[in-house]
Amino acid sequence: MQTSAVPELAHTHARPVHWLATATAMAAVVAGAGLFQPDPAKASQSGAGITTAAAPAPDAGAVELPLECGAVPVQVVRKVSGDLDGDGSTETVVVARCEAGMGTPPSGVYVLARSTAGAPRVVAALVEPAQKLSVGDLAVRDGVVTATLLGYSSPDVPRCCPDRRDAVKWQWRGGKFVQTDQGAAGAGSA
């Protein structure tokens, strides 16, 4: 082992006072970071010229969905969120159906938004349970809702096994949701 020609430096031996000074400096940095936080995210209301804090996406559990299930509870199967109408507020798209022990009950697809008072409410039905469809995939991207709708080619097809798959999308245009087909995904079991 080679010895150093330079005498040992005082700062190479940490003493308790050095650790105490380091801990005090770190505590000051952490406390300072806690005091100087950026402002919360802001979004301005369309045309109002005022600024409010951005509200979270509407909660499907906080609104009564327009399903008639009798004594059976409503089941939310899927939900996705995004700004669908370009107003800076987040909407929620919900797939819901009546809970069933077997088979494939028809689904409803609903758009939830916040009222001016901030309460969640249903603003549109994209698919009604009366259409006797189920929903496979569901997504929101760039203000467009896409879904795979599963249905039946005839009344003879068992309700457990949809044999039609249609890819559709909805987009907000002219004050309403407009549905367009993305092309049939083909027949076959779901």
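**View 1. The largest nonpolar core of the predicted model has 18 residues.** Val93, Leu126 and Trp170 have the most contacts inside this core. At least two core residues come from each of strands S4 (91–98), S5, S6 (120–127), S7 (134–141), S8 (144–151) and S9 (164–173). Apart from this core lies another, of 10 residues, including Ala60, Leu67, Val94 and Ala96. A nonpolar core is a set of buried Ala, Val, Leu, Ile, Met, Phe, Trp, Tyr and Cys residues joined through side-chain atoms within 4.5 Å. Buried means under 20% relative accessible area, exposed over 50%, partly exposed in between (1.4 Å probe, protein chains only). Strands (E, at least two residues) are DSSP runs, numbered from the N terminus.

**View 2. Surroundings of tryptophan 170.** Beyond four places in sequence, tryptophan 170 contacts (heavy atoms within 4.5 Å) Leu126, Val127, Gly143, Val144, Val145, Ala147, Leu149, Phe177, Val178 and Gln179.

**View 3. Serine 107 in strand S5 (residues 107–114).** Serine 107 is buried, with a relative accessible area of 2%. Leaving out residues up to four places away in sequence, serine 107 touches Val95, Ala96, Arg97, Val127, Glu128, Pro129, Leu133, Ser134 and Val135.

**View 4. Segments with pLDDT under 50: residues 39–52 and 185–190.** pLDDT is the predictor's confidence in each residue, from 0 to 100. Beyond four places in sequence, the model has 12 contacts for residues 39–52 and 14 for residues 185–190. Where pLDDT is low, predicted coordinates should not be read in detail. The chain mean is 79, and 69% of residues reach 70 or more.

**Notes.** Residues are numbered from 1 along each chain as its sequence is written, and side-chain values use heavy atoms, without hydrogens or water. In this predicted model, local features need pLDDT of at least 70 and side-chain atom pairs count only at pLDDT 80 or more, while totals for chains, interfaces and linings use all residues.

How values were computed: Helix = DSSP H or I, 4+ residues; strand = E, 2+ residues; numbered from the N terminus.
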